[in-house]
Amino acid sequence: MQSDLPAIPSGVHPLVTQDPRTGRRSIYVTPEAAYAFSGYTPQDTHRILHEVLSPAISAENVYVHHWRAGDILVWPQRQVIHSYTPKTRYEG
């Protein structure tokens, strides 16, 4: 099946980055877009990602915002796992 979407170029970047302002380190990865760590198979990469990220996305560590008119959310871009989910979209 051929897609009308342009191909996303592959690339390599560090798994851990450091905030230049605070010096704090954080994991820099999008699990859905990660294919494989250098030197690892895709299967091993996904197993490692699951191990590392599972605690961060467990229910007690996830904030789900229930949108109301006028809401604004702000977070430190380099240290928060964030995503848009249709079921939390503001419908007002």
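This report walks through the fold, the surface and a few side-chain arrangements of one predicted protein model.

The model is predicted, so local features need pLDDT of at least 70 and side-chain atom pairs count only at pLDDT 80 or more, while totals for chains, interfaces and linings use all residues. Residues are numbered from 1 along each chain as its sequence is written, and side-chain values use heavy atoms, with hydrogens and water left out.

## Overall picture

Let's begin with the fold. The protein chain has 1 helix and 2 strands, arranged along the sequence as β-β-α. Helices here are DSSP runs (H or I) of at least four residues and strands are runs (E) of at least two, numbered from the N terminus. Of the 92 residues in the protein chain, 11% are buried; buried means under 20% relative accessible area, exposed means over 50%, and partly exposed lies in between, with a 1.4 Å probe and protein chains only.

Contacts (heavy atoms within 4.5 Å) tell us about sequence range. Among those between residues at least 6 apart in sequence, 25% join residues at least 24 apart. The protein chain exposes about 8,500 Å², and carbon and sulfur atoms supply 57% of that area. Accessible areas come from the Shrake-Rupley method with a 1.4 Å probe; for residues, only the protein chains shown count as cover.

## The loop between the strands

With 6% relative accessibility, Asp19 counts as buried. Thr22 belongs to the loop between β1 and β2 as well, but counts as partly exposed at 42% relative accessibility.

| Side chain | Backbone nitrogen | Distance |
|---|---|---|
| Asp19 | Arg21 | 2.7 Å |
| Asp19 | Thr22 | 3.2 Å |
| Thr22 | Arg24 | 3.1 Å |

Leaving aside residues up to four places away in sequence, Asp19 touches Arg24, Arg78 and Gln79.

## Aromatic pair and salt bridge

The structure holds 1 aromatic pair. Phe37 and Tyr40 form this edge-to-face pair, at 6.3 Å centre to centre with 90° between the planes. Rings of Phe, Tyr and Trp (its six-membered ring) pair if their centres lie within 6.5 Å; planes under 30 degrees apart count as stacked, over 60 as edge-to-face and the rest as tilted. Phe37 is buried at 17% relative accessibility, whereas Tyr40 is partly exposed at 44%.

Side chains of opposite charge can pair when their charged atoms come close. A salt bridge needs a side-chain nitrogen of Lys or Arg within 4 Å of a carboxyl oxygen of Asp or Glu, and the count comes to 1. Arg47 and Glu51 form it, their closest N and O atoms being 3.1 Å apart. Both lie in helix α1 (residues 42-53), and because they are 4 residues apart, about one helical turn separates them. Arg47 is partly exposed, with a relative accessible area of 43%, and Glu51 is exposed, with 53%.

## A nonpolar patch

Finally, Tyr63, Trp67, Leu73, Trp75 and Val80 make a nonpolar surface patch of about 480 Å². Patches are made of residues with over 30% relative accessible area and no salt bridge; like charges are joined within 9 Å, and nonpolar side chains (Val, Leu, Ile, Met, Phe, Trp, Tyr) within 5 Å. Trp67 lies in the segment after α1 and counts as partly exposed at 33% relative accessibility.

How values were computed
A polar contact is a pair of N or O atoms within 3.5 Å; within protein, one must be able to donate a hydrogen and the other to accept it, and residues adjacent in sequence count only if both atoms are side-chain atoms.
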